[in-house]
Amino acid sequence: MQTPFKLSLSAQDIACERGGRTLFRNLDFAVEPGQALLVSGPNGAGKTSLLRQLAGLLPLAGGRLVTDGADADTPIAELSHYVGHLNAAKTAFTVRENLAFWADFLAEGQGDPADHLAGALAAFGLGELGRLPAGLLSAGQKRKLALSRLFAAPRPLWLLDEPSVSLDVASVKKLDGAMRDHLKAGGIAVVSTHVPLETKFTHTLDLGLERAA
Amino acid sequence: MNAALALLARDVKLAWREGGAVGVALGFYLVVIVITPLGLGPDLNLLGRIAPGILWVGLLLAGLLSAGRIFDNDYEDGTLDVLAAGPLPLSVVAGVKCLAHWLATGIPLVLIAPLLALLLNLPMGSVPSLMLAMLAGTPAVSFLAGIGASLTLGLRRSGLLLALLVVPLYVPVLIFGVSAVTPYVTGPNSLWPPFLILCALSLASMVLAPLASAAAIRNALR
């Protein structure tokens with residue numbers, strides 16, 4: 001289904017500051033292809049900030065992020081899918097138009113966008129809602145639309161911030177299945193969640209403990 | 001290239017689909033031009049003389065009215081996060097979005113200007129130069145508005161602040177835009193020098209404004 005990925009990611013001594021307050025520092029981890037990292041910690045511990053740092057949206061307050069196995073010129077942002085709290089869905093567009101845009105935009109030079117679109121529509125079973133405006137979707141369906149973006153372009157690093165919020169049991173299973181396939185293909189997932197997922201996380205990072213230490 | 005075209009097509013489609021954007025700008029332009037003669041009285045010579053200025057000021061304000069939408073909606077629903085992680089540099093994303101604003105709002109404003117010029121008794125002979133000057137000047141209007149829109153990201157009711165930031169940048173566009181048209185009404189004809197300066201203003205803002213917008217967006221995404 002996907003081309004095998006061979007990206008590994010390591011963080012060396014990274015730190016994060018928000019509004020003059022240090023959320024965490026001296027953070028180290030290394031994730032190899034096919035491995036998954038679970039980020040946990042209490043509210044405000046910096047889980048979202050860490051994911052946004054990995055996605056290149058938030059600057060590091062110290063340390064560095066190193067990728068191996070990818071073109072050295074490619075920033076991590078372009079190797080990763082960041083699915084945050086906001087769904088990035090256009091309410092005036094149909095489900096299909098939303099995903100078609102992401103396939104055209106994100107998967108430039110990575111095969112036929114039509115294939116990616118078909119995969120994205122099928123991933124969470126949104127195919128039959130394809131012609132519905134995204135504004136009419138329920139919260140859970142909007143979440144599925146956001147997660148379907150993971151399939152709109154093949155990227156090795158998935159950064160998921162509370163991906164299972166407002167999903168029903170069947171959809172959480174589909175998310176687990178999608179992550180398993182992604183890891184099997186050599187991808188990496190960094191996930192922050194309060195809801196237990198079936199996915200086997202090879203690493204866990206407890207930001208609450210980091211801060212106490 | 002495909003990614004940039006996809007983004008351009010999406011933004012133009014959204015501007016038309018979401019109503020509001022284009023319709024409000026056109027309606028606002030119409031209203032401003034319609035009430036001006038009512039306020040000034042029926043002196044046709046006076047109206048004809050000040051018509052170029054009124055038409056330009058109305059166009060700038062109508063363009064500003066819809067400028068907040070260039071980045072605001074995408075910022076609020078998280079789309080900008082994903083656009084920033086796309087294959088395009090953020091400055092290109094910003095530039096493409098401003099270009100889409102010009103295509104979806106700037107050009108329709110230019111197209112209804114001749115109709116509104118009738119209401120202000122602008123001599124028919126000067127309509128071609130009015131349209132030419134507006135076509136050359138409106139890209140600067142959209143791209144400069146992009147700077148204001150990106151600087152006010154995340155602020156509530158940012159419309160007025162946006163106007164305060166951007167209107168001073170519009171002064172050269174206004175001056176040369178008007179001076180490309182007034183000679184037809186008052187004196188010797190000299191379309192080309194102001195027209196070429198308008199082109200230069202647009203080209204310079206198309207190159208420089210996206211860089212400023214990208215820096216402001218990056219700051220807003222933190």
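These entries follow what I looked up, topic by topic.

**Ground rules.** I am working with a predicted model, in which local features need pLDDT of at least 70 and side-chain atom pairs count only at pLDDT 80 or more, while totals for chains, interfaces and linings use all residues. Residues are numbered from 1 along each chain as its sequence is written, chains are lettered from A and ligands numbered from 1 in the order in which they are written, and side-chain values use heavy atoms, with hydrogens and water left out.

**Aromatic pairs.** I noted first that a pair of aromatic rings is described by the distance of the centres and the angle of the planes. My search of the whole structure gave six aromatic pairs over all chains. For the cut-offs, rings of Phe, Tyr and Trp (its six-membered ring) pair if their centres lie within 6.5 Å; planes under 30 degrees apart are stacked, over 60 edge-to-face, and the rest tilted. One of the pairs is Phe101(A) with Trp102(A), a tilted one at 5.0 Å centre to centre and 55° between the planes. I also looked at Phe151(A) and Trp158(A): their planes stand at 75° with the centres 5.7 Å apart, so this pair is edge-to-face. Ring pairs join Phe101(A), Trp102(A) and Phe105(A) into a cluster.

Phe101(A) is buried because its relative accessible area is 6%, and Trp102(A) is buried because its value is 4%. Phe151(A) and Trp158(A) are both buried.

**Charges over rings.** Which arginine has its charged end over the ring of Trp102(A)? I found Arg149(A) there, 5.6 Å from the ring centre. Arg10(B) lies over the face of Phe101(A), at 4.9 Å from the ring centre. The test asks for NZ of Lys or CZ of Arg within 6 Å of the ring centre and within 35 degrees of the ring normal.

**Nonpolar patch on chain B.** Helix H2 (residues 21-40) of chain B gives the largest share, five residues. Leu30(B) sits in that helix and is partly exposed because its relative accessible area is 40%.

**Leu40(B).** This residue also lies in helix H2 of chain B. Setting aside neighbours within four places in sequence, I see Leu40(B) in contact (heavy atoms within 4.5 Å) with Leu47(B) and Ile50(B).

**Positive phi.** Asp13(A) is not a glycine, yet its phi is positive, about 65°. I placed Asp13(A) in strand E1 (residues 8-18) of chain A. Glu162(A) has a positive phi too, near 50°, and is found in the loop between strand E6 (157-161) and helix H5 (169-184) of chain A. Helices (H or I, at least four residues) and strands (E, at least two) are DSSP runs, numbered from the N terminus.

Technical notes
Buried < 20%, exposed > 50% of the residue type's maximum accessible area, 1.4 Å probe, protein only.
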